[in-house]
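Visitor: I would like to go through this model with you. May I start with the overall layout and then ask about details?
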Amino acid sequence: MKNQIMQLVDSERTNHIFQLQGCDFSHTNATVNFDQTDSIINYWNHHHRDEIEVIYSTPSRYIKALKEQNSFRKWALRKDDFFPFADD
């Protein structure tokens, strides 16, 4: 898991990563899902916080952090459909 996360970090332009989890109907029991995610976050932060801290966040907090870190950078504005829906 650490190698995968470090590869993801190396591919980003900032030190903030937004990692989505789950898909349609994969987490129907929220209690179990959050308990497992809490365990993973706690484990990671206990062992690897000096390199990367993992937290729950929201899209708006993520964008705010990007803007604060890269206040000099102009982000592209997209107006087309960038979230196509596909289901197998």
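Visitor: Read along the sequence, what pattern does the protein chain follow?
Guide: The pattern is α-α-α. This is a predicted model, and its protein chain has three helices and zero strands.

Visitor: How confident is the prediction, and where is confidence lowest and highest?
Guide: The mean is lowest in helix H1, residues 2-11, at 81, and highest in helix H2, residues 30-48, at 91. The protein chain as a whole averages a pLDDT of 81, with 89% of the residues scoring at least 70.

Visitor: What share of the residues is buried?
Guide: Of the 88 residues in the protein chain, 14% are buried. The chain's accessible surface comes to about 8200 Å², and carbon and sulfur atoms account for 54% of that surface.

Visitor: Let us turn to H3. Which of its residues are buried?
Guide: In helix H3, residues 59-69, the buried residues are Tyr62, Ala65 and Leu66. They lie on the same side of H3, because they cover an arc of only 100° around the axis.

Visitor: Now Asn33. Where does it lie, and is it buried or exposed?
Guide: Asn33 lies in helix H2. Its relative accessibility is 10%, so Asn33 counts as buried, the cut-off for buried being under 20%.

Visitor: What is Asn33 in contact with, leaving aside its neighbours within four places in sequence?
Guide: Asn33 is then in contact with Gln21 and His27.

Visitor: What about contacts across the protein chain: how many of those with a separation of 6 or more join residues 24 or more positions apart?
Guide: Such pairs make up 57% of the contacts with a separation of 6 or more.

Visitor: One more topic. How much space lies in the largest pocket?
Guide: About 1100 Å³. The largest pocket is lined by 31 residues, and the closest to its centre are Ile17, Phe18, Gln19, Val54 and Ile55.

Visitor: Which elements give two or more residues to that lining?
Guide: H1, H2 and H3 do. The largest share of the lining comes from H2, which gives six residues.

Key
Residues are numbered from 1 along each chain as its sequence is written. This is a predicted model: local features need pLDDT of at least 70, side-chain atom pairs count only at pLDDT 80 or more; totals for chains, interfaces and linings use all residues. Side-chain values use heavy atoms; hydrogens and water are left out. pLDDT is the predictor's confidence in each residue, from 0 to 100. Helices (H or I, at least four residues) and strands (E, at least two) are DSSP runs, numbered from the N terminus. Buried means under 20% relative accessible area, exposed over 50%, partly exposed in between (1.4 Å probe, protein chains only). Contact means heavy atoms within 4.5 Å. The arc is that of the directions from the helix axis to the C-beta atoms. Accessible areas come from the Shrake-Rupley method with a 1.4 Å probe; for residues, only the protein chains shown count as cover. On a 1 Å grid over the protein atoms alone, a cavity is a set of points where a 1.4 Å probe fits but cannot get out, and a pocket is an open set with protein on both sides within 12 Å along at least five of seven lines; lining residues have an atom within 4 Å of a point. Grid points are joined across faces, edges and corners, and a volume is the space filled by probe spheres set on the points.
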